[in-house]
Amino acid sequence: MEIDIFSDQHFMRQAYAEALKAFEEDEIPVGAVLVSRNRIIGRGYNQTEKLTDVTAHAEMLAITAASGYLGSKYLRDCTLYVTLEPCPMCAGALFWSQVSKVVYAAADLKRGFLEHGGSLHPKTKLVQGPMERESADLLREFFKKRRP
């Protein structure tokens, strides 16, 4: 099956590759990419242990990288692809950055922003996208090896 290089599937695969980096570094395997005009302008994967920083979530690192690339705190006309539904902290950052679209793979029924009444900017489109199963399986594998 051929994948359109500008599809949600393609960009979610890039976010999943970031999640694999986190997995390899024994971090919770979440990855994110921020896209503008079909180009990745920010990448991130969870690095809270490595950086000893509770804010070093994949989304936060991708937002910082994209903002630096654009020279702007606003990420209008940008799409975030992330392998797990954002937490309330990350949803807040996405709200303030005014990202246009958020595509996430796996839902987070315990710590996701939707479960905790969080919201995104009113103009932000939210989509549960591709690779839900793969992303959820990677998270299950990570926690299974941590909690025997």
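Predicted model: local features only at pLDDT ≥ 70, side-chain atom pairs only at ≥ 80, totals over all residues.

Reader: What makes Leu-75 buried or exposed?

Author: The relative accessible area of Leu-75 is 0%. Buried means under 20%, so Leu-75 counts as buried.

Reader: Which residues is Leu-75 in contact with, leaving aside its neighbours within four places in sequence?

Author: Its contacts include Leu-34, Ile-63, Ala-66, Leu-70, Gln-98 and Val-99. As for Phe-95, 20 residues from Leu-75 along the chain, the two C-alpha atoms are separated by 9.9 Å.

Reader: What is the phi of Asp-77?

Author: Asp-77 has a positive phi of about 65 degrees, although it is not a glycine. Most residues other than glycine have a negative phi. Gln-98, also not a glycine, has a positive phi of about 60 degrees, and its place is in the loop between α3 (88–97) and β4.

Reader: Now the aromatics. What makes Phe-95 and Trp-96 an aromatic pair, and of which kind?

Author: Their ring centres are 5.2 Å apart, and the rule asks for centres within 6.5 Å, so they pair. The planes stand at 75 degrees; over 60 counts as edge-to-face, so that is the name for Phe-95 and Trp-96.

Reader: How do you know that the charged end of Lys-145 sits over the ring of Phe-23?

Author: The distance part can be set out plainly: the charged end of Lys-145 is 4.4 Å from the centre of the Phe-23 ring, and the limit is 6 Å. The direction must also fall within 35 degrees of the ring normal, and Lys-145 is listed as sitting over the ring. The charged end of Arg-76 likewise sits over the ring of Tyr-74, 4.3 Å from its centre.

Reader: Why is α1 called roughly parallel to α4?

Author: Helix α1 (residues 8–24) and α4 pack at an angle of about 5 degrees, with axes 11 Å apart. Angles under 35 degrees count as roughly parallel, so α1 is roughly parallel to α4. The contact involves Tyr-16, Ala-19, Leu-20 and Phe-23 of α1, and residues of α4 including Leu-138, Phe-142 and Lys-145.

Reader: What does α4 lie across?

Author: Helix α4 (residues 132–146) lies across β3 (78–84), β4 (101–106) and β5, at about 60 degrees to β4.

Reader: What is the order of strands in the open sheet?

Author: The 5 strands run β2-β1-β3-β4-β5, with mixed pairing. β2 (39–45) and β5 (125–128) each have a single partner strand, so they stand at the edges. The twist averages 15 degrees from one strand to the next.

Reader: How does β1 pair with β2 and with β3?

Author: Strand β1 (residues 31–36) pairs with β2 in the antiparallel sense over 6 bridges, and Gly-31 stands opposite Tyr-45 in β2. β1 and β3 also run antiparallel, joined by 5 bridges, with Val-33 opposite Tyr-81 in β3.

Reader: What makes β1 mostly covered?

Author: 6 of its 6 residues are buried. Gly-31, Val-33 and Val-35 point one way, and Ala-32, Leu-34 and Ser-36 point the other way.

Methods
Residues numbered from 1 in each chain as written. Heavy atoms only, no water. Pairing = 2+ DSSP bridges. Helix = DSSP H or I, 4+ residues; strand = E, 2+ residues; numbered from the N terminus. Axes fitted to C-alpha atoms, helices over the stretch in contact; angles between N-to-C directions. Contact = heavy atoms within 4.5 Å. Phe/Tyr/Trp six-rings, centres within 6.5 Å; stacked < 30°, edge-to-face > 60°. Buried < 20%, exposed > 50% of the residue type's maximum accessible area, 1.4 Å probe, protein only. Parallel < 35°, antiparallel > 145°, perpendicular 65-115°, else oblique.
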